[in-house]
Amino acid sequence: MRAIQAARPGGPDVLEVVDLPAPVPGPGEVLVDVAVAGVNFIDTYRRGGVYPQSFPHVPGVEGAGVVRALGDDVAGVAVGDRVAWFDAPGSYAEQVVVPADRTLAVPDGIDLPTAAALALQGLTAHYLVDSSFPVGPGHDVLVHAGAGGVGLLLTQLAVARGGRVVSTVSSDAKAALARDAGAAEALRYDLLDDLTTELPSLVRDLVPEGVAAVYDGVGRTTFDASLACLAVRGTLVLFGGSSGQVPPFDLQRLNTGGSLFVTRPTLAHHVRTRGELLERSDELFRLARIGALRARIGLTVPLEDAASAHAALEGRRTTGKVLLEVRPDLA
């Protein structure tokens, strides 16, 4: 099978097309023909060696496709089923092995690219607004990178729950996308000379007491500004670090800032059981089927162009979801 492999840690240029033996599903696993694979920042962290990873390795953890074969002791999944997944290493390939109990059955009315776009990023957006800081009527929240894959989905879910969203974006085009997703305001943080002081001032012009929560997947460059945007007893939800990891900080800042809360969640802890996983994914697919949740696919490139997809993602040149087209005949 064709696959993308990173032979060593490095930039996008270390990604190359290789031929590898097709994987074999073990007990409790299914073999899937991959239609599309999702591209996420975690793939770039692993490729670059930021996260511990053995080399060579096939990047990718997310995608959607059609079940080709079953391992032993698999129930509830059949050959020919359309499925999506969010945690199957080696997804930048024509075939991948996925634990059967982590597959998401794709319902009629949802195409495979949309299902892939709602897997990792959709589940992430769901737990952020449902569990990390449950958004409700009257809540003002700040969403960084509001035109990104998670940002657009998170905005829609927060607004549907009665929240008011202020987004930060890096271009007028991205501001338009954020507003189209339901954001009340979109602030151009790329135009600010001092993000830490200027952004909180802009946010408090809109929400004088500060926002109830900040959803921050950017990390190092936005963290200080995020804290300063919060209302008393506000919550900073730090769910990523696309600009780099946040260094250690003095917890006393939470006291002086207004008895603030900071949490660093991850998806794995919010889909620990099959029941919790299906509860979240069923709601996402239901909303998508009725048109109440739109997954924007901003960039689709062939599998062999994975390096260009990584470069675009890291260069902040993407909006919405980035996908690799692996088997167009299946999508």
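The exercises below work through a sheet, its strand pairings and the charged contacts of a predicted model.

Residues are numbered from 1 along each chain as its sequence is written, and side-chain values use heavy atoms, with hydrogens and water left out. Because the model is predicted, local features need pLDDT of at least 70 and side-chain atom pairs count only at pLDDT 80 or more, whereas totals for chains, interfaces and linings use all residues.

**Exercise 1.** Determine in which order the 6 strands of the open sheet are arranged, and which strands stand at the edges.

Solution. Strands and helices are taken as DSSP runs, numbered from the N terminus (strands E, at least two residues; helices H or I, at least four), and two strands pair if DSSP finds at least two bridges between them. On this basis the order is β10-β9-β8-β11-β12-β13, with parallel pairing. The edges are β10 (185–188) and β13 (261–263), each of which has a single partner strand, so one side of each is left without a neighbour in the sheet. Neighbouring strands are turned by 15° against each other on average, direction ignored, where axes are lines fitted to C-alpha atoms, for helices over the stretch in contact, and angles run from 0 to 180 degrees between N-to-C directions.

**Exercise 2.** Describe how β10 is paired and which helix packs on the sheet.

Solution. Strand β9 (residues 164–169) pairs with β10 in the parallel sense over 4 bridges, and within this pairing Val-166 has Glu-185 of β10 as its bridge partner. Helix α6 (residues 195–206) packs on the sheet and touches β8 (140–143), β9, β10, β11 (211–216) and β12 (230–238), contact meaning heavy atoms within 4.5 Å. The direction of α6 makes about 160° with that of β10.

**Exercise 3.** Follow β12 through its two pairings and decide whether it is largely enclosed or open.

Solution. Begin with β11, which runs parallel to β12 and is joined to it by 5 bridges; here Tyr-215 has Val-237 of β12 as its bridge partner. Next, 3 bridges join β12 to β13, again in parallel, and the bridge partner of Val-237 in β13 is Thr-263.

**Exercise 4.** Work out what the salt bridge between Arg-2 and Glu-94 ties together.

Solution. A salt bridge is a side-chain nitrogen of Lys or Arg within 4 Å of a carboxyl oxygen of Asp or Glu, and the structure holds 15 of them. Between Arg-2 and Glu-94 the closest N and O atoms are 3.1 Å apart. Arg-2 lies in strand β1 (residues 2–6) and Glu-94 in the loop between β5 (82–85) and β6 (95–99), so the pair ties together parts that are 92 residues apart in sequence. Arg-2 is partly exposed, with a relative accessible area of 27%.

Notes:
Buried means under 20% relative accessible area, exposed over 50%, partly exposed in between (1.4 Å probe, protein chains only).
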